[in-house]
Amino acid sequence: MGLNTGFYIVLSVLIVHKSYGISSPIQPFSNYRYATELQSNTADLWWTVDEVKQEITFELHIQTTGWIALGISPAGGMKGADIGLGWIDQTGQVHFQDRYAYNNSRPIIDTTTTDWFGLQGREQNGWTAIQFKRLLDTCDTMDVAIKSGTNILIFAYGLEDPDMSQPNGLIYYHDNRRGSRMLPLRSYGNPSPDEKFADLDYFDFKLNNYVVPADSTTYHCKIYKAPSSLKERKHAIAHKTIIDPANIDLVHHLLMYECNPTAVFDDNNLPDGLCDQIYAKLIDCSANIATGWAVGGDSIVEFPEIAGYPVGGDFEIKYYMVQMHYDNPKETPNRRDSSGIRFYLGKEHRQYDLGYLTVGADSNAMAIAIPPRIDRFIIDSYCPASATTKFPKSGITVTTAFPHTHLQGRSVWTKIIRNGTAVDYLFNGEAYDFNYQFENRLHKPIQLFPGDELATRCVYSTANKEEITLGGERTKDEMCLHMFTYYPRMNDFYGCMISTPIEAWKTMMNTSQPTVSYSEVRKWFMELKWTPELKLKWQEFYHNSPRYLISGRAGNFTYEDLPKLPTYKDLKPSECNSDTHPNTAIHQHSFTIFALIPFIITVTFNLFVTD
């Protein structure tokens, strides 16, 4: 009986629940925090990040009995990619190699240090599964650091094992057996499939066969009323962005705003049209950002189990505005679209109402003006304690982050400042990609309290542009927004935004005019002749110029002048510590033990299980 119990325990270690959206027939070796299908019916990936050890464990399953490989790419291709490659030989032994791709040719064995470590693996039903790990930053010049934000993964596989008669094993060309995927490895949202919500009620805010104008950029706004069927307050537990499959290239982003509780409309004639043309009707609905989606992001966002998005019944928000941004560079006419957003309603009321908070810079030319032909330009903003005193005394808990810039953005981060000292990142989008904008689930929820301050930075590169880039809504304009989901909801605090007063720009213009207008400053921007000296002066201006703060919610904003952005004691720069490299011998020992498990199970079964 004791031996049978031991046999059960060994097996139970290997059994885990099958993840949503996964096609591999092999159960993964461990429970993981994240999972995704890299290629339908071909490749699946699981992973867990240990932020304390600064280590990531992967498990890759691919439908082949040959070699399989996963890489971290600096730019989306083979060149410069850091690759872990493994296979199972005919005896069942797992082999794993650390490789590096100098170009688009066969990747070589890493000649500096070994930083990818195979843990265990097996072949089953025509699939190969290997578990392996590495540090987030290995300090190795032949490796690519896994940064916070968006990472570029590449994967490939062969139909047979490497030729071990050749040095280090010769791998044959994978042909078209390859792929790539953009993922925020350290903050993935783990979206669930539609099937999880199949038995739930839902409501949609969608367009109906809208004819998109033949313009390069279109902003369409439509007001929706909360469903009249919701007589009692309900909690939405997830939302799904619905993009017409034929218009994936056309829909750039979607933002949903909550209208002020005092907003009144004719329910039989709700505003619907180009945002600029109906702006006067949208004033009560154009500032309180709730949720959204942008190009490359996951379609489904699921809320934490403790909180839901309130709607209907006695909830004070009765109207919503959905703003659709269409990017149509070829100005193609007569394209029709029915995109929108769907909310799934939970069957039970949750403990907290969710809210949304946006920090950053205002999206206009006074707040954002970036010189051309510059590799790195910084725009900082700040939400001071005078604004966050509106937070509840018990604090708020932040669960997700959504950084947003346009084409020139390279990174977005927000730090928590307490008593003049940065204590942590609220979220660090160090690696940001305009074409893949994810809602990032924080590694662990973070609490903010009254008096906490938030410092936000957007970093841009305009090396590919010949003219100034100004803040605005067009794709070729820029933004600096960092949006967060939190609970419990604050009904009077949606945003904390910074801009530069026109008087400061007047000083920069060195004009004798008593006053200048917005249009005059903008005209001056466009006529500037850029020199290296002016670019340096411009960055210095952004570091030291006065600002004004806008915080609260539409219709009840608070305005505050800031002589300059507050200074604070920053976080210590992260240092790459090569001493944290895992010990190769220890990993090889673990590798051997895991490889013996199937053998032990087989022998135990044959010796002690009888008819």
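Are cysteine 221 and cysteine 275 buried or exposed? Both cysteine 221 and cysteine 275 are buried, where buried means under 20% relative accessible area, exposed over 50% and partly exposed in between (1.4 Å probe, protein chains only).

The model is predicted, so local features need pLDDT of at least 70 and side-chain atom pairs count only at pLDDT 80 or more, while totals for chains, interfaces and linings use all residues. Residues are numbered from 1 along each chain as its sequence is written, and side-chain values use heavy atoms, with hydrogens and water left out.

A disulfide is a covalent bond between the sulfur atoms of two cysteines. Here a disulfide is taken as a pair of cysteine sulfur atoms within 2.5 Å, and by this rule there are 4 disulfides. Cysteine 221 and cysteine 275 form one of them, with an S to S distance of 2.0 Å. Helices (H or I, at least four residues) and strands (E, at least two) are DSSP runs, numbered from the N terminus. The link of cysteine 221 and cysteine 275 is right-handed, with 95 degrees about the S-S bond.

Another disulfide joins cysteine 259 to cysteine 285, S to S 2.1 Å. Cysteine 259 sits in the loop between strand 16 (251-258) and strand 17, and cysteine 285 in the loop between strand 17 and strand 18, 26 residues apart. The torsion about their S-S bond is about 110 degrees, so the disulfide of cysteine 259 and cysteine 285 is right-handed. Both of these cysteines are buried.

A disulfide also joins cysteine 383 and cysteine 496, with sulfur atoms 2.1 Å apart. Cysteine 383 belongs to strand 27 (residues 377-383) and cysteine 496 to strand 35 (residues 495-499), so the pair ties together parts that are 113 residues apart in sequence. Cysteine 383 counts as buried because its relative accessibility is 2%.

The helices come next. The axes of helix 3 (residues 502-509) and helix 5 (residues 532-544) come within 12 Å and cross at roughly 150 degrees; axes are lines fitted to C-alpha atoms, for helices over the stretch in contact, and angles run from 0 to 180 degrees between N-to-C directions. Helix 3 and helix 5 are therefore roughly antiparallel, as angles over 145 degrees count as roughly antiparallel, under 35 as roughly parallel, 65 to 115 as roughly perpendicular and the rest as oblique. Their contact (heavy atoms within 4.5 Å) is made by Ala504, Trp505 and Met508 of helix 3 and Lys537, Trp538, Phe541 and Tyr542 of helix 5.
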